[in-house]
Amino acid sequence: MSGGQLYDTIGATYTVTRRTEPRIAAQVWAALGDARTVLNVGAGTGSYEPHDRDVTAVEPSALMRAQRPADAAPCVAAAAESLPFADHSFDAAMAFATIHHWQDPIAGLREMRRVARRVVVFTHDTIEGGWLRRFWLTRDYLPEVAGLLDGRPSMTELASVIGARTEPVLVPWDCADGFFEAHWRRPEAYLDDQVRRGVSVWARVGPDPEQRAVRALRDDLDSGRWAERNRDVIDLDAAELGLRLLIA
Ligand SMILES: C[S@@+](CC[C@H](N)C(=O)[O-])C[C@H]1O[C@@H](n2cnc3c(N)ncnc32)[C@H](O)[C@@H]1O
């Protein structure tokens, strides 16, 4: 199933939990520099689109396109791997939390580079040994996440395709956008079905690992074991969980 087809299946309640996190948006918009025209690839419902620039969106899922606000940027039905624009059409191209869904992320990045002089991509770092242990949810409850990366290019490969530098993105403790890592200091949130339905990881690992992880987390929260194990995170205001901007 392509990434667009996946979101035609799981995307119906996306906006219940997914929205722009202003502190992360500020970092993305700073990385866009002085770009006036911006292409947002894998745009979904329009989160992180800067309102003070001329934005064009690209989104393959009809269900996601249908949930874009009436005043959102115009959106073209297409996929990253084959962008229907001439070379150098935009000052910048951005992609937020989408590249892990692309069937060919290297081709998609090359396309972004072709149509824009600047490229900004929000993704996660899987290079550093031990990334799986960085977040308690994958480390202690959902190690199946590792399998989702099989056969995918590493962040180093992705960065080298477009000659990008990387910039860490910290996740604030009260992150407004409910992506997978967002609730690192609010573990009870992962017990909420609506929170999980807004994150494709849960659909991709499947119902058995999901139910096992939720049961184990609930037990550990009830018994105090989660608090015991995660004393190091509860006083932090922001966490380094391997999220990165690639900037080229
Ligand atoms: C997690 S959502 C992120 C949406 C939006 N960027 C955001 O931050 O809310 C991932 C999006 O990538 C889109 N997508 C999947 N495969 C794609 C591809 N090959 N090219 C472009 N977008 C794709 C999905 O349809 C979905 O809307």
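A nitrogen atom of the ligand lies 2.8 Å from a polar backbone atom of Gly42, a polar contact in the sense of a pair of N or O atoms within 3.5 Å. Taken alone the ligand exposes 600 Å², of which the protein buries 98%, the accessible areas coming from the Shrake-Rupley method with a 1.4 Å probe.

This is a predicted model, in which local features need pLDDT of at least 70 and side-chain atom pairs count only at pLDDT 80 or more, whereas totals for chains, interfaces and linings use all residues. Residues are numbered from 1 along each chain as its sequence is written, and side-chain values use heavy atoms, with hydrogens and water left out.

Around the ligand stand 21 residues, of which Tyr14, Gly42, Glu59, Phe96 and Thr98 come nearest; a residue belongs to this shell if one of its heavy atoms lies within 4 Å of the ligand. The shell divides into 11 nonpolar, eight polar and two charged residues, where Ala, Val, Leu, Ile, Met, Phe, Trp, Tyr, Cys and Pro count as nonpolar, Asp, Glu, Lys and Arg as charged, and the others, Gly among them, as polar. Helix α1 (residues 3–10) supplies the largest share of the shell, three residues, helices being DSSP runs (H or I) of at least four residues and strands (E) runs of at least two, numbered from the N terminus.

Turning to charged pairs, the whole structure holds 23 salt bridges, each a side-chain nitrogen of Lys or Arg within 4 Å of a carboxyl oxygen of Asp or Glu. Asp125 forms a salt bridge with Arg244, with the closest N and O atoms 3.8 Å apart. This pair links distant parts of the chain, since Asp125 sits in the loop between β5 (116–124) and α6 (131–134) and Arg244 in strand β9 (residues 243–247), 119 residues apart.

Definitions and conventions. Polar contact = N/O pair within 3.5 Å; in protein donor to acceptor, adjacent residues only side chain to side chain.
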